[in-house]
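The sequence and the model are shown first, and the notes follow by topic.

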Amino acid sequence: MDIRKITRQVVFATIIGSTASTAIATSPPDHRDTQSTAATADQVATSPWISSSVPVPVRSRLEASHQVATQRLTTKAQCRALFADLNADGFEALASTMYYPASTASEKQVCRGAFGYTTVGSAPTFLCRRFSRLSERRAALVLIHEALHRAGMGEWPLDSDGLASGAINDLVAEACGL
Ligand SMILES: [Zn+2]
């Protein structure tokens with residue numbers, strides 16, 4: 001992969017399927033947030049930062065699938081290599097992602113075809129309500145997909161050198177065994 005970092009404000013949605021979709025970036029909502037204190041025996045596991053305004057079913061799916069994503073990074077060198085190709089560290093990208101709920105407007109638009117969305121290079125990732133209905137593995141795939149954007153991976157068509165959303169999903173599925 002030869003995907004350069006992009007700095008322009010572009011939002012990518014993670015879609016299970018082959019259709020790319022985009023949305024306008026929104027600022028993180030101004031809420032009081034709390035750090036998850038979930039403990040785990042895994043030495044590299046980290047508790048994701050989750051906005052207190054994330055709905056409980058989404059939070060619950062997120063906490064479980066974030067652990068799965070971290071485990072795949074631990075056990076799959078190919079999965080870590082996706083991030084290394086971006087000169088990034090997968091654990092750091094995943095751990096430094098900040099999870100917010102999708103906006104009400106996005107729930108009616110981008111979330112109709114996506115499970116989450118983010119801006120390339122930025123920490124906030126917005127999760128749609130329907131993220132809570134994904135299997136743990138599929139949810140972990142979405143988290144790694146978004147973490148790759150966090151690490152600087154662009155996406156076609158907004159990044160002409162990038163892969164389409166569905167192709168990124170295929171890449172993650174193959175490399176991370178998800
Ligand atoms: Zn994407």
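Asparagine 87 is placed in the loop between α2 and α3, where helices (H or I, at least four residues) and strands (E, at least two) are DSSP runs numbered from the N terminus. The model is a predicted one, in which local features need pLDDT of at least 70, side-chain atom pairs count only at pLDDT 80 or more, and totals for chains, interfaces and linings use all residues. Residues are numbered from 1 along each chain as its sequence is written.

- Asparagine 87 has a phi near 60 degrees, a positive value in a residue other than glycine.
- Proline 157 lies in the loop between α5 and α6, and a cis peptide bond with an omega of about 10 degrees joins tryptophan 156 to proline 157.

**The nonpolar core**

- The largest nonpolar core has 39 residues, and those with the most contacts inside it are Leu127, Ala140, Leu143, Ile144 and Leu148. Such a core is a set of buried Ala, Val, Leu, Ile, Met, Phe, Trp, Tyr and Cys residues joined through C-beta atoms within 7 Å.
- Two or more residues of this core come from each of α1 (56-75), α2 (77-84), α3 (90-95), β5 (98-101), β7 (124-127), α5 (136-150) and α6 (165-176). The most is given by α5, with eight residues.
- Leaving aside neighbours within four places in sequence, leucine 143 is in contact (C-beta atoms, placed from the backbone, within 7 Å) with Ser65, His66, Ala69 and Leu94.

- Cys79, Leu82 and Phe83 are buried in α2. They are on the same side of α2 because they cover an arc of only 95 degrees around the axis, the arc being that of the directions from the helix axis to the C-beta atoms.
- The buried residues of α2 pack against α1, α3, α5 and α6.
- On the face of α2 turned away from its buried side are the exposed residues Ala77, Gln78 and Ala84.

**The contact of α2 with α6**

- Gln78, Cys79, Ala81 and Leu82 of α2 meet Leu171, Val172, Ala175 and Cys176 of α6.
- The residues of this contact divide into seven nonpolar, one polar and no charged. Ala, Val, Leu, Ile, Met, Phe, Trp, Tyr, Cys and Pro count as nonpolar, Asp, Glu, Lys and Arg as charged, and the others, Gly among them, as polar.

How values were computed
Buried ≥ 20, exposed ≤ 12 C-beta atoms within 10 Å, placed from the backbone. Contact = placed C-beta atoms within 7 Å.
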